[in-house]
Amino acid sequence: MSFSHRFVAAICLVLCCSQQVTLPHWGASQAWADESTQPVAGLRTNTPAVYALRDVRIVTAPGQVLERGVLVVRDGVISAVGADVPIPEDARIWSRPGCTLYPGLIDGFSELAMAPGDRRQGAHHWNDLIRPEVRIADRYQPDLTLNASWRSQGMTTRLIAPTQGIFKGRSALVATGDGAGAASILEPDVALHARLTVPRGRGRNAYPNSPMGAVALARQTMLDANWYQRAWATFRTQRGVSRPDQDVSLEVLGAYSGSGKLVVIDAPNELYALRADRFAREFSLNLVIRGSGREYRQLSAIQALGRPVIVPLNFPKPPNVGTAESALNVSLESLRHWELAPENPARLSRAGVSILLTRIGLPQSVSLLAAVRKAVQHGLAADAALAALTTAPAELFGVADRLGTLHVGKRANFLLTDGALFATQTKILETWVDGRPYENIPARNDPAGRWRLVGQRGKPPLFVDVTVAGEKLSGTVRRGENSAAADATTAVPLLRLTAAGDRLTAIFDAKVFGQTGLARLTLVLFKKEKLSGHGQVVWPDGVAEKMTASHDSRARTRGGENREKPPQPAATQGKPQPVLEALRYPLGAFGVLRQPERPLHVLFKNATLWTCAQQGILRNAEILIGGGKIIAVGRRLRTPPGTRVIDCQGKHITPGIVDCHSHMATDGGVNESAQAITAEVRIGDFIDSNDINIYRQLAGGVTSSNILHGSANPIGGQNQVIKLRWGALPEELKFAEAPAGIKFALGENVKQSNWGDEFTTRYPQTRMGVEQMIRGTFQAALDYQQRWRDWERTRQGLPPRRDLELEAISEVLEGQRWIHCHSYRQDEVLALIRTLDDFQVTIGTFQHILEGYKVADALARHGAMASAFSDWWAYKFEVYDAIPYAGALMHNAGVVVSFNSDDRELARHLNHEAAKAVKYGGVPRQEALKFVTLNPARQLRIDQYVGSLESGKHADLVVWSQSPLSTFSVCEQTWIDGRRYFSRSEDLLRRESVRRSRTRLVQKILASGEVMLKPGEAAPPDEQLWPREDVFCHHHRHGNGRD
C-alpha cells in the first residue's frame, strides 16, 4: 500500500468527533452470551456494545446511498441508520468524514477439504462418491488467520461446501469473525452440493470412472432415494413387510426432490450447466449452478434456464504467444477466452441472470476486490457487482432478513472504506462482523512532503524533504532560517531512508553541517489536528539534538507530483474497451454467428443425382427441397415463386453420409469400464457440440453419426444418434426420430486380455464368461419385469426399485432398443446370435465384424446387419483373419452392410471407404455408395428419414465436385434439414477470419503487458481430460477434438 493511502486511512480511522478512541478487542456481547448454553467461566463480562458511526457516507443497499448519515450498532445488530438519527447516550462515537460504509460482502462459494474416511461410519451409501449426509456444520472450526484474510477483502460471510463426491454433502454459511465455531455458523444446512463427474485421477477399477458414469450413478441414486421413502412408508403401514435397509445417504437425498431446498451443482463448463439443468428438471430440484466463467459462450441458453449462477472471477492469464513457435500451440478458443472471460459477469448480469460472485479459484496473490474491479472495468455495473456480493447471496441462502443490507434489525456486518468500493485505489479500512470491528489497515502517517525540524541548540532549523514513489522513499536535508533560505543551500541526500510504522529514520553526510561523518535522524510521527513529530539527530560527534517537527502539507512531493488525486470511481479509470468481435458458436475456430438460414425452397439443377433409391443415378437432373424436406427429385421440376436456384453443372449430389460407428462429439469418457454391465450409462448425457470434428466431418459430407459407448464391457452404455448441426446446442444435435440403441461388445476388450496385467479381477475374464454374463443379464431383466407386474397387480409388499440398468435391458428384450455389438471372431458372433435367438431378440448391427464373411449366411438368417471396416486388419491378434473383401462377401450373401469410421479423421472421407467396396469385390457403384448412406441409415432404423434422395425425406444432401467415389472429388456443400452447414467457398473465408482473429488477439496479448502462462501452468479444461476414442481398440490415435 502506498503511503498516500496510509495517510487517508489514518484520517478515516483516527478522526473522532470529540476525542481519539482506541478500538477495543472484545468478544461476543453480553446479550449474546446470555443466550449461549455454555456456562460462564469466571467473572461475567459487561463490555459496552453500542457504537455510533457518524459523518459517514452509507451505502445501505445496492443503489441506495445516504451521502452523510449515522449508523448505530447495539449488541451486534443495526439499531438505527439514517441522516438524522439521534445517537444514544451510551454509544461510543466515531466520526468518519470522507469514508463510506458498505454492507458486508458474502462469498457465494468456498470449499473445505475433508479426509476421505470422514463419513465411513454408519449406514451410508455403498458408493464412496455419494456423501449427502456430510455436513460442513459438523466439522467446521474457524481458522483465525484465514478469517483475517477473508475480512481484509471485505468478506463478512461465506458459504462453505464439501469438496469430494458426486453428491458431496451440505454447505454451511459462516461468519468470518473470530467467534467460536458454533457462534460462527449462521445457517447449518444451506444447500446440497453435487458434481456430475468424477474426480481427476480416479482409476479404472472404481465405479464410476467416467463423467457419463457419474451422471448415471447420480440418476440411479435419486431414484433410489425416492424409492427409499416409499419403501419405508410401506413398511410402516403394511404388516408383514420386510424392513428396508437403513441408508442415511438416501434418507438425506429424499428430502430434496420437489421440496424447494437448494441444490448447487458444479458446472465445469457451459455445457455442464445445461446438463445440470436437465438433471434438476428430471428430479424437480431447486438448482443453483456453480459456474465456470464460460457461461458467456452459451449466454442465451444459460439465460433461458432461469437459474442463479455462482460466478468465479479467476480470469485466465494470457496464453503464451511470446514467440512465433509458442503461438502455434495456442488455440483460437483459448485466445478468445482470455479476451472475453472478464466480460462474463457483465454479460450474465445484463442478460438478467441472477449472479453471485466468488473468489474460489483465485490465486492467493489476487484479492477478491481486484478481481471484482476487473469485472467492473469490463462492463459489470458497480451496483450489480455489489448486489452479487450482498443482496443476491443473502436472498438465495435464506438470510436476507439478517444480512445483505444496512437496515435496522440486520446483523452489523459492514465495511469502512476510504472511497468507492470498486475504485482501483480504494482500501478497506475496517471490516465489522456481528458488531465487532476488525482493523484491516493500521493507521499510519504519511511522511511525504517538507518537514521543518527545530532543535534546541539555537541553530537554524533543518528542512527535510521526503518523496514517496510507491513503496520507495527518497529525500534530502538542508539548513536555513526559513524554507526559502534553505532552498538556496546545498541539499544533502538522505541515505537508508526508512518508514516503519510511524517511525521515520535516515542517515546523511554531515560535512555540509560542519562535522565529519554520518549523522542519524529519527522522527516519530503523530497526528492530532495536524501531522507533526518529534525525535532527534545524533551528530557524528555523539551529541544528540532533540527535534520538534512540523509538516508542510502544501509542499508534499509524491513521485514528482505536488498534489495527490483521491481514488476515483472505477467508471472513470482506464476502462477496457468492450470486445467488438461478434461471439461465435462454438467459440473456437470456424464457429458460426448463428444457425444457417433455411430458404423456403431451393432447387439444385443440372446435377448428377445419386439417389440411392429406385431411380438410381440421374444425370442432368434436379432436386427441390423446402421446409427441411425433399419435395421432388427428377427433371424439369415445377418450382414455387421465389425458389433459390443453384446451378450444379458438372457436380454430383448424394444423400448425406451416415456414419454408423463414431466416438466424436462426446466428452463423457466414451467408456465406463469399471463394471461389466453399464447399460444405465448414456452417451446422450455428454454430447459435445463444441467438438471441431463436427465441422471437419461436415467438410467430408457426413450429416448423421451414431455416437457409441466404447467396447470395455459385454454390455456397455446407450448410444446417441446425432445430426451434425454445427453451432447448435447439444440437445439440438440429437436425431429426434432415431430409435434407442445400446453398445454390446465381445472379444479381447471385454475380457480385459489387452488391458494390462493389473486388470485381471473383473468378471468375465474369458469368452465363455462373456456369453454367460449377457445371458444372465437378460434373465435378470425378465425377472425385473415380472416383479413389477406382480406388484402392480397386488400393490402389496415393498414397491420394486426402479433399476436403470435393467430398464435398458428390458427395452432390448421388448424390441425397443437396438443392439450394436463390437465383434471380430466368428465363434463369438455365432454364440451371441444363439443367445439372442433364445430370447427372441434381433440384433441391430454387428460392428467391425471382421470375420463376418465366414458366417454371412448365419447373419442373414438372423436378420443381423453388419457395420464393418473396409480394409483394416492385423492391428491386434483377434483381427488377423480380416480381409478387405469381407464387405462385398457379406453384401452378396444378403446382409445389409455399411462401412463405418470408428475414427474422427477417417470419417472425413467415408466416400473413399465406400469406393473400396468397388475395388475389393466389384460391388456396383450405387450399391457401394449405399455402404455409407442408405445402409447405415437402415442399420440405425432411420432410413425412412435419411439415406436416400426421395420425396418426403429430410433434406440432408451433399454437393460434390465430381463422382463421390473418386479420390479427386471434393465436398463443396453439405446440407442438413434444408440448411447449408458447410460450404467450401465460405470455409475459405472462415480460414481468413480465423487468421485475422488470431493475429489481432496475439497483438493484444503482446501489448497488454500481462504475464503469460508458463508451459504446463494451466490445468486442462474438464472436457479435455477424457478420451474421445475407444481406448481399448488400438487402430486410432488422434487429438482431443479441440481447436
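## Helix H7 and the cores

Helix H7 is mostly covered, with 10 of its 13 residues buried (under 20% relative accessible area, 1.4 Å probe, protein chains only). Helices are DSSP runs of H or I with at least four residues, strands are E runs of at least two, and both are numbered from the N terminus. The model is predicted: local features need pLDDT of at least 70, side-chain atom pairs count only at pLDDT 80 or more, and totals for chains, interfaces and linings use all residues. Residues are numbered from 1 along each chain as its sequence is written, and side-chain values use heavy atoms, without hydrogens and water.

H7 runs over residues 270-282; at 1.5 Å a residue it should span 18 Å, which agrees with the 19 Å between its end C-alpha atoms. The expected span is 1.5 Å times one less than the number of residues. The buried residues of H7 include Tyr272, Arg275 and Phe279. After H7 comes Ser284, with a positive phi near 55°.

The largest nonpolar core has 173 residues; such a core joins buried Ala, Val, Leu, Ile, Met, Phe, Trp, Tyr and Cys residues through side-chain atoms within 4.5 Å. Its largest share, 13 residues, comes from H5. A second, separate core of 26 residues includes Leu453 and Leu494.

A search of the whole structure finds zero disulfides (cysteine sulfur pairs within 2.5 Å). Two cysteines are listed here.

| Residue | Relative accessible area |
|---|---|
| Cys660 | 0%, buried |
| Cys821 | 0%, buried |

Conventions. Buried < 20%, exposed > 50% of the residue type's maximum accessible area, 1.4 Å probe, protein only.
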